[in-house]
Amino acid sequence: MLHHDYNYANDTGDIESMKITILDDYYDTIRHLPCFEKVAAHDVTIWNDHSQDVDVLAERLKDTEVLVLIRERTHIRKALLGRLPNLKLISQRSVYPHIDVDDCTRIGIMLCSSQHAGTPSYATVELTWGLILSAMRLIPQQMKSLQAGTWQMAVGKSVRGRTLGIYGYGRIGKAVAELGNAFGMNVQAWGGEGSLDRARADGIDIPASREAFFATSDVISLHVRLYPSTRGIISSDDLAHMKPTATLVNTSRAPLIEDGALVKALNTGRPGFAAVDVYESEPVTDTTYPLLNMPNVICTPHIGYVTEDEYNVQFTDIFDQIVAFDAGNPINVINPDVVKGE
């Protein structure tokens, strides 16, 4: 079978057990995390496969009172919400473009989502640098060449002395920039006014224009949250300004780039290379997906935050939200106007 479920029934008698369902735990990681103890006394069901079929999800979740989501893996839309009569709480972390919040409010389902208060996702920072170095030194391609018995296949590029462009200077962007400085790169930033103000305060260079940012960066790394206002914020024209020798790195969200623009840009040679961890529709299981078959692209399957350490940080927040809800003092409430039954 493609899925498994695990039930942890409350046998302590100390608390009233809630029915909690966790979706999309691909590698059965969550029940082994230290923070799982926060909810282990409840009736917890964990699904390890992925389904977006409304009928399948409605059957799985028909008795669920608390739904735990892993990032944006499963869309929770009106058609599904209307078939979940027992659902009281959705607990997750980060942004929520995959959830119909207005319908949650109308039905009486509370959405709680911590917004990374405090520290950045260091796991994402680490993967960003893994992709930068892999792209500049052609590590996957060199490995394939070695496996094929042909030894070296090309000459790579050093990062030292080159220009790193950070698009979106927030918590993650700042941490990526700090490592860029440690590698001896020239760091510059672009983005909204908030990003530019934060970058200036940290002494980061700001180019004279958006066009100059794209034209002068040897590596551009995207670190912007996906909102309706940021969808397609990186345009074909932006990419056309990049050097033929430059690399675009995206560990944020694919729809930040104008639909279809990245593949077209790579085919025309500006930029010359890309390293991506995120895609328009996930999971990507179609082996003919264009980016997977381009020699000037390195792809990873959205693993920026996928470490045991990061999971424990994230699910500590998620489970704390459940504990607070159960105690009658909900935290990180996205839709405070929710009233059950209206």
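Predicted model: local features only at pLDDT ≥ 70, side-chain atom pairs only at ≥ 80, totals over all residues.
Q: Which residues have the most contacts inside the largest nonpolar core?

A: Start with the general idea. In soluble globular proteins, nonpolar side chains tend to be buried together. Here, the largest nonpolar core has 26 residues. Tyr167, Leu239, Leu248, Ile257, Leu262 and Leu291 have the most contacts inside it. Elements supplying at least two residues each include α8 (210-216), β9 (219-222), α10 (261-268) and β11 (273-276). α10 gives the most, with 4 residues. Another core, of 25 residues, lies apart from this one; among its members are Leu127, Ala135, Val176 and Ala275.

Q: What does Leu291 touch, leaving out residues up to four places away in sequence?

A: Leu291 touches Leu262, Val263, Leu266, Val276, Tyr279, Val297 and Cys299.

Q: How do I read a helix, and which residues of α6 are buried?

A: An α-helix has 3.6 residues a turn, so residues three or four places apart point the same way. In α6, the buried residues are Gly173, Ala175, Val176, Ala177 and Gly180. They pack against α4 (122-137), β7 (163-167) and β8 (186-190). Helix α6 spans residues 171-182 and reaches 17 Å from first C-alpha to last, close to the 16 Å expected. After α6 comes Gly184, with a positive phi near 80°.

Q: Is Ile331 buried, exposed or partly exposed?

A: Read the relative accessible area. Buried means under 20%, and exposed means over 50%. Ile331 has 34%, so it is partly exposed. Ile331 lies in the segment after α11 (308-326). Beyond its neighbours within four places in sequence, Ile331 is in contact with Cys112, Asp320, Gln321 and Ala324.

Terms used:
Residues numbered from 1 in each chain as written. Heavy atoms only, no water. Buried < 20%, exposed > 50% of the residue type's maximum accessible area, 1.4 Å probe, protein only. Contact = heavy atoms within 4.5 Å. Core = buried A, V, L, I, M, F, W, Y, C linked by side-chain atoms within 4.5 Å. Expected span 1.5 Å × (residues − 1).
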